[in-house]
Amino acid sequence: MKRKFGDFSSPPPPSDNKPEQQAPAHLEAQASDSAKRQAIRATTPPVIAAARTRRQAVMADSAVFTDQSIPLNAVEAQLKGLLVDVAEYINKSQEAAEAEKEGKNVNEPVILRWAGGWVRDKLLGTESHDIDVAINNMTGEAFALRLRDYCDADPAHRERHSIGPADVGNLHKIARNPDKSKHLETTTIKLFGLDVDFVNLRKETYTEDSRNPQVEFGTAEEDALRRDATVNALFYNLHTGKVEDFTGGMKDMDRNLIRTPLEPLQTFMDDPLRVLRLIRFASRLGFTIDEEAKAVMGDERVLEALKLKISRERIGVELEKMLKGPDPLSSLTYINDLSLYHTLFTDSSRPDFPRPPLTSWPIAYQTLHSLSTTLATPGSIYSLLVTSPESAYFAWNLAALVPFAPLPDDPPLKGGKPAPPLATQAAREGYRAPNKLTDVITASHRHRQAILAMRDLVVRPAAGDEGKKMERDRLGMAIRGWDSRPGVGANWRLQVLYAVLVDVAERTTGEEGKETVEDVLKEWQAFLDHLVEMDLMDAPSVKRIIDGKQLAAALGVKPGKWMGQALEVVMAWQLRNPTVGDPEGAVEEVRKRKEELGIK
């Protein structure tokens, strides 16, 4: 369970990690940093000056260099001790030639900080196995190489830090990749079982037409200001053992608030992906987004920048994290409230791509939330239809695409092939949904009317059709048809769930919306209860009692085109006779229909 920020019940860090044990060089560096800040105050860039004013308004009497410590577990304390000793090892062995080669300032000792998500999560009482190490004056690769040097230079170093043979992994350099939001080269290494990334402090400068900034070495303050949210901009100084807060992030954590370090419009125009990242963090942490930020997240300038500057792959990554996160309901609610839907779920290459009305959409995703939480009991709609983490993620994608359900399909493609449903196009082009997901979306759209008809046959049959719901082969073959496209795995259960969500949205809102959600769901529950009673939930996985070659041999004919239809006859017979294990009855059924099946 998450703890309130600042509420720590664990013991303090080991004595060898206490601030009084720090090396004098780092105290001098801290004082030097402060002196430098005062010296350049008069020439501070306007954007940083404005950020400081924002921070001061939020922080009131709070200080940048706080008294807030973070209790470390044994492995974190071991890692901290190693990194601090490596920094001191580098400081003592500085040489001008090597310093110049690494781009170091020999007059400034190495200062290490743990940054971002680890600090945030630890302050919230959540353990984290990923640690980002920010270095003030050298690249991540240069520091990691010196760390390996330190470990190999003297056996006493390994002994001092209890370094076992597998405790220091191989270095992996991750190249700069702006399209994947990697604006700076980093070096990662496994240390004591933790994933540790090393990177230098940096500042970023953006142009109007790109979200990929010009990156260069920066100060801790500049590094904090470039981040998407103040709660992600905190540092833990390894040498002082204290949290450093340049943006008011600690106050925002206390208030459960997601706020941008810089002015929001500038923040989002520089990198519009931050709009989605703020939604993701607010949903994940259970925080609210600052009203000033919300006011501009749906601004037309921001939405246009989101279209022009952000790849659809990156949008897909953020949406996936939202919908796989702990609160997808909150994420979709923000997307709706902030008018982001038609920017995300679209084909941006088509200026005429339809923009579905969203009036009834909230009912759909709120219903899925209710089904997956308070209503998720054994035998319930959700329990029967969503059977894995992947299908839960797919379910939220389907909920997101419900607005496209009533729209007419595009005209057929050349050659008469049906055009992909608009929902499929929105997923494929809007956020690069993978083929497995788009196949489910397509099947859900195309089979929805057939699923509704089957539901009606079971729960409100027309006069004279009352007995058809007991025809096990009728129901079972329909289910197999929804789920049996070779190589697709379209998952009929999710298709039914999509039909449920669309049905709820259509029947409870608008001019025809005179029914309650509860009444609509009762019908679907009755439909599924009937399928369970008929033992048809696993109909697609029923194996044929006889294969094609065996059937041809039993009939005394050669295999041919007739086999596909004949095997369907076999399966229908099996569904009517689920307890019979002898295939002779199925063969006889095919023999009776030889002429119809074209068997010669």
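This is a predicted model: local features need pLDDT of at least 70, side-chain atom pairs count only at pLDDT 80 or more; totals for chains, interfaces and linings use all residues.

Q: How many helices and strands does the protein chain have?
A: Helices (H or I, at least four residues) and strands (E, at least two) are DSSP runs, numbered from the N terminus. The protein chain here has 28 helices and 11 strands.

Q: How much of the protein chain is buried?
A: A residue is called buried under 20% relative accessible area, exposed over 50%, and partly exposed in between, using a 1.4 Å probe and protein chains only. Of the 600 residues in the protein chain, 53% are buried.

Q: What share of the contacts joins residues at least 24 apart?
A: A contact means heavy atoms within 4.5 Å. Counting contacts between residues at least 6 apart in sequence, 71% join residues at least 24 apart.

Q: Which strand is joined to S4 by 5 bridges?
A: Two strands pair if DSSP finds at least two bridges between them. Strand S4 (residues 186-191) is joined by 5 bridges to strand S5 (residues 194-200), and the two run antiparallel. Within this pairing, Ile-189 has Val-196 as its bridge partner in S5, and Lys-190 has Asp-195. S5 also pairs with strand S2 (residues 130-135), this time in the parallel sense and over 6 bridges, with Ile-135 standing opposite Asn-200.

Q: Why is S4 described as largely enclosed by the rest of the structure?
A: The reason lies in the burial of its residues, because 5 of the 6 residues of S4 are buried. S5 is likewise mostly covered, with 5 of its 7 residues buried.

Q: Which residue in the hairpin of S4 and S5 takes a positive phi?
A: The hairpin has 2 residues between the strands, and Phe-192 takes a positive phi near 55 degrees there, although Phe-192 is not a glycine. With a relative accessible area of 10%, Phe-192 is buried. Ser-339 is another residue other than glycine with a positive phi, near 60 degrees, and its place is in the loop between H15 and helix H16 (341-344). Ser-339 is exposed, with a relative accessible area of 51%.

Q: Which residues have the most contacts inside the largest nonpolar core?
A: A nonpolar core is a set of buried Ala, Val, Leu, Ile, Met, Phe, Trp, Tyr and Cys residues joined through side-chain atoms within 4.5 Å. The largest one has 144 residues, and Phe-143, Phe-198, Ile-335 and Phe-345 have the most contacts inside it. Helix H23 (residues 492-508) gives the largest share of this core, 11 residues. A second, separate core has 17 residues, including Val-557 and Val-587. Leaving out residues up to four places away in sequence, Phe-143 touches several residues, among them Leu-83, Ile-135 and Phe-198.

Q: At what angle do helices H15 and H17 pack?
A: Axes are lines fitted to C-alpha atoms, for helices over the stretch in contact, and angles run from 0 to 180 degrees between N-to-C directions. Helix H15 (residues 328-337) and helix H17 (residues 361-372) pack at an angle of about 170 degrees, with their axes 10 Å apart. H15 is therefore roughly antiparallel to H17, a term used for angles over 145 degrees, while those under 35 count as roughly parallel, 65 to 115 as roughly perpendicular and the rest as oblique. Residues that make the contact include Leu-332 and Ile-335 of H15 and Tyr-365 and His-369 of H17.

Notes
Residues are numbered from 1 along each chain as its sequence is written. Side-chain values use heavy atoms; hydrogens and water are left out.
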